[in-house]
Each structure stands twice: as C-alpha cells, then as structure tokens.
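Please look over the sequence and the model shown here. The paragraphs that follow go through a pocket, a helix and a sheet.

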Amino acid sequence: MSSFELRPHHGLCIAFFEGKGYNPEFIRHMAEMISYLDCCNPEIRLVLHTDRICSACPHNRNSVCESAQKVLSYDRAVLSLCGLEENQVLLWKDFQSLVRLKILQQRSISAVCRDCQWLCICSGKQQKFLTFSDKYDKIAL
C-alpha cells in the first residue's frame, strides 16, 4: 500500500480540529481522515501540494489550492521547525509527536499560522493543550 500523502501544516489543523470548517462535506471528510490516521497509524509522505484532506476543501480547484502560496509557507514552516523534509516518509503518530514537541510545546503555532483564518481558535486550544501537557508531564515524572 502506498503512503498517505499529507501536507505538513495539516498536522496542526488535525491537532485542533473541532468540527468547524468550510462546509458539512469538508467537516465530515476531515473527521474521517483523522479517524483513519489515528486508528491505522499509516505511513505518511509529507507533500507540498494538495493531499487527501484537501480533496473535500471548497478552496481546492482542480487539485490546486486557491491559497497555494499561503499554505505552502505553512507547510515549509512545519517542515523546518520539525526538522523534516518534503517527501519524507514516517508514521502518522511519529509526525504527530514531532508537531506537538517542536511546535505546540514550543508555543510556535502563531509563527507558522500567522495569517490563518482559524488561528484564533487554535491559539485558544493551544493554551488548553499546554496546560494539559504540563499537568501530564508532571504526573508522568
């Protein structure tokens, strides 16, 4: 089976997804993709073009994002902060862990997503994530 293509910035979108989005079809599709990733932990290949998540996005026009340059900057920032490269293949849960460690725990989401329309939602959820992580880390010690 081939690897699941994933835009790097979708690691952040997935971390904070709460069922708000562009339309009901996209929300349903995103929830299905997250469920698949979480239950199957597939190999993912990090790509800088539209992926399976983008397939239901209303901004996807013939496999090209209407905001291509903006989301490309998000993808490159995630790759850079996580020490990864385009087309790198790794397990979903390993990528998810890198995103949490290198971006979320470092409070770097606004550096990646500075002009994203969803940043206000994610920033609020990041604080909750950090509070939970801090408590969890202390308990784990």
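Helices (H or I, at least four residues) and strands (E, at least two) are DSSP runs, numbered from the N terminus. Residues are numbered from 1 along each chain as its sequence is written, and side-chain values use heavy atoms, without hydrogens and water. The model is predicted: local features need pLDDT of at least 70 and side-chain atom pairs count only at pLDDT 80 or more, while totals for chains, interfaces and linings use all residues.

A pocket is an open set of points on a 1 Å grid over the protein atoms alone, where a 1.4 Å probe fits, with protein on both sides within 12 Å along at least five of seven lines; lining residues have an atom within 4 Å of a point. The largest pocket holds about 660 Å³, a volume being the space filled by probe spheres set on the points. It is lined by 30 residues, and His9, Cys13, Tyr22, Cys116 and Trp118 are the closest to its centre. Helix 1 (10–16), helix 2 (24–40), helix 3 (68–82) and helix 6 (119–140) each supply at least two lining residues; helix 1 gives the most, with 4.

Three strands form an open, mixed sheet in the order 1-2-5, where pairing requires at least two DSSP bridges. Strand 1 (4–6) and strand 5 (89–91) are at the edges with a single partner strand each, so one side of each has no neighbour in the sheet.
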